[in-house]
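Colleague: Please take me through the ring contacts in this model. I would like each label set against its cut-off.

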Amino acid sequence: MSPSSITIDRHISPDETGDAVKLEIVRAMTAMPKMLSPKWLYDDRGSELFDQITRLVEYYPTEAERSILNEHAAEIAAITNATTVIELGSGTSDKTRTLLDAFWKNEQLELFVPFDVSDQTLVDAAEMLAERYPGLDVHAVVGDFNRHLPQIPKEGHRLVAFLGSTIGNFHVEERRAFLGALGDTLEEGEWLLLGLDLMKEVPRIIDAYHDASGVSEAFALNVINVLNREFDGNLPIDQFCHVPYWDPVEERVDSRLRVTMPMFGRFEALDLDVAFNEGEELRIEVSSKFRDEKIETELADAGFAIEQFWKADGPTEDSPPDFGVILARRV
């Protein structure tokens with residue numbers, strides 16, 4: 001068997017601090033309320049912390065999704081007959097190995113495309129996958145969902161995997177735009193595998209974002225380190241605390257960093273002074289929860305037809321399902 005090949009396309013440079021990015025941060029830190037894109041959570045350290053979160057007992061989505069993939073991976077490979085698997089937000093690609101194993105066993109997988117914003121995490125994952133699947137071509141893409149979907153390789157018959165309920169991190173209009181762009185990127189007959197957190201009891205949802213060991217808080221606070229490093233800032237991280245707020249109207253967790261006292265800071269690279277009032281919050285991420293009819297409508301609007309919708313059981317017989325995985329075909 002020929003050795004694996006690794007290709008890495010970088011559409012985000014490690015020191016990307018151009019005018020557009022600087023303007024984004026200035027707007028975010030001077031708005032009311034202050035609000036960051038969740039992409040700033042996922043530097044190399046943030047990716048490491050999130051990987052730890054997925055292994056916490058409180059964080060049910062990872063095991064629930066894994067149980068679905070363990071049960072249905074061979075079926076997914078057979079239904080899609082895909083030769084190229086693309087994983088958006090791949091991170092360490094840990095959650096995808098069950099899926100890749102099924103495709104590899106069928107001797108149908110030719111190309112794997114991990115797509116992520118974190119450069120080093122992506123490089124490490126690509127090297128690991130090339131070793132695990134000798135002969136598999138790995139074409140990694142360092143990019144941003146909102147800008148670089150058209151850069152996804154077009155080789156083979158493609159399945160895009162978007163797992164971990166990352167789809168919930170988009171606001172409603174952003175989510176519709178993303179699904180529309182993904183629909184435009186795929187050809188008729190190609191596939192989307194979508195993991196999504198389902199609506200259930202609110203305390204169970206909140207616990208997944210507020211673990212007893214404090215990893216979720218460390219993950220959230222790391223965004224302050226990222227901003228300070230990238231923009232020569234001095235925001236005091238010890239004056240922020242992590243607050244996961246449940247929005248009952250939008251049915252989502254709104255993750256925020258709240259300042260515990262009046263606070264002032266500066267970003268030298270932006271020539272920007274920043275002030276927070278006591279109790280003011282910096283919004284860093286939303287995590288929407290889904291009902292069947294909502295996601296079915298949004299997928300149909302983007303040009304996808306649902307082929308299968310598998311669900312993982314909740315903790316008791318009377319509990320609603322915890323998590324879902326949808327296999328949808330581009331029509």
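Modeller: A charge sits over a ring if NZ of Lys or CZ of Arg is within 6 Å of the ring centre and within 35 degrees of the ring normal. The model is predicted, with local features needing pLDDT of at least 70, side-chain atom pairs counting only at pLDDT 80 or more, and totals for chains, interfaces and linings using all residues. Residues are numbered from 1 along each chain as its sequence is written, and side-chain values use heavy atoms, leaving out hydrogens and water.

Colleague: Which ring does the charged end of lysine 34 sit over?

Modeller: That of phenylalanine 276, with the charged end 4.6 Å from the ring centre. Likewise, the charged end of lysine 311 sits over the ring of phenylalanine 309, 4.9 Å from its centre.

Colleague: How many aromatic pairs does the structure hold?

Modeller: There are 15. Rings of Phe, Tyr and Trp (its six-membered ring) pair if their centres lie within 6.5 Å; planes under 30 degrees apart are stacked, over 60 edge-to-face, the rest tilted.

Colleague: Why is the pair of phenylalanine 50 and tyrosine 59 called edge-to-face?

Modeller: Their centres are 6.1 Å apart and their planes stand at 80°, so the pair is edge-to-face.

Colleague: What makes tyrosine 59 buried or exposed?

Modeller: Buried means under 20% relative accessible area, exposed over 50%, partly exposed in between (1.4 Å probe, protein chains only). Tyrosine 59 has 8%, so it counts as buried. Phenylalanine 50 has 24%, so it counts as partly exposed.
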